[in-house]
2 protein chains.
Amino acid sequence: MTDYSDKLKSAGLKVTLPRLRILEILGRHPNRHHTAEDIYRLLLQNGEDIGVATIYRVLTQCEQAGLVARLQTEGPAMFELNRENHHDHFVCTRCGLVEEFHDGIIEERQRKIAARAGYEIVDHSMVLYGICADCRRQLK
Amino acid sequence: MTDYSDKLKSAGLKVTLPRLRILEILGRHPNRHHTAEDIYRLLLQNGEDIGVATIYRVLTQCEQAGLVARLQTEGPAMFELNRENHHDHFVCTRCGLVEEFHDGIIEERQRKIAARAGYEIVDHSMVLYGICADCRRQLK
DNA sequence: CTTCTTGCAAATCATTTGCAGGGCG
DNA sequence: CGCCCTGCAAATGATTTGCAAGAAG
């Protein structure tokens, strides 16, 4: 089990129950993506009633501290633990499944495009929307 | 000057003043991207007071009809005339500049990734965020 | 005429913020 | 004990919707 206390401390954030719980939720399924509402409901199921405002605050702070990554798609933002290995996302428009992928060639091309145009890339977001393998099977 | 009446008709939409005006705004600088509010203000300057609700409605309808493309970034959505030539976007986080680019290699890789995972891609969004050439110059 | 559109205000959704009370260090 | 944090409610920003009045075909 990861030690979120240390991570919070080294980010200069006080170690509090809400913060620990939220990070634990995110760490439970390291490649799952949750909305703030999701997290609120999951915490409620554990008997922890933490306001959504706090959840948004904690997530935003942790994002700035590099502990959490935010994924903007259509609809509410989704959050995941930041695992240092950069990746992009595929989102199934039928069932909501989110999967990750990484492609070195795409990354390299992005750098080339930026260099050619004189941009300094700070960040990028790439989301593929479609029907996942499971849903395609069900649709047949 | 493009004939937006015909485009609206073949999309099954009635030809109305608000629709024509909105498409004209978008067509004026074919590679510019506007928010609904932008369009509202531009129309006001021309003396046309069209409510934002209408603008959103028109844009959404035209998007579904394939006449308009919506670009989701941080902040409000931006709209542009749909010009058939698919492209992705670079957004300057300092001045808001939006530029377009296209890269066949990236597109091809996206298809490969989808094929390997069994996805059927319906759409994708890719936005590079950074500092544009002009802003970099000014910052020096 | 009938149906699709618009306008306006009210509703909604996601997210943020102000402020008073609590808790960590 | 002081400052950071949380809770709650109210504020905000973007977008949508209901409904009555107006135009398009």
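B:Phe90 is buried, at a relative accessible area of 0% (buried means under 20%, exposed over 50%, partly exposed in between, with a 1.4 Å probe and protein chains only). This is a predicted model, where local features need pLDDT of at least 70, side-chain atom pairs count only at pLDDT 80 or more, and totals for chains, interfaces and linings use all residues. Residues are numbered from 1 along each chain as written, chains are lettered from A and ligands numbered from 1 in written order, and side-chain values use heavy atoms, leaving out hydrogens and water.

**Aromatic pairs**

- Searching the whole structure turns up two aromatic pairs over all chains (ring centres within 6.5 Å, using the six-membered ring for Trp; planes under 30 degrees apart are stacked, over 60 edge-to-face, the rest tilted).
- A:Phe90 and B:Tyr119 are stacked, 3.4 Å centre to centre with 0° between the planes.
- Both A:Phe90 and B:Tyr119 are buried.
- A:Tyr119 and B:Phe90 are stacked too, because their ring centres sit 3.3 Å apart with the planes at 5°.
- A:Tyr119 counts as buried at 9% relative accessibility.

**DNA strand C**

- There are 20 residues around DNA strand C, and the closest are A:Tyr56, B:Thr16, B:Arg19, B:Thr54 and B:Arg57 (near means a heavy atom within 4 Å).
- The side chain of B:Arg19 has an N or O atom 2.8 Å from a phosphate oxygen of DNA strand C.
- For B:Thr54, a side-chain N or O atom is 2.9 Å from a phosphate oxygen of DNA strand C.
- B:Lys14 instead has a side-chain N or O atom 3.0 Å from a base oxygen of DNA strand C.

Key: Polar contact = N/O pair within 3.5 Å; in protein donor to acceptor, adjacent residues only side chain to side chain.
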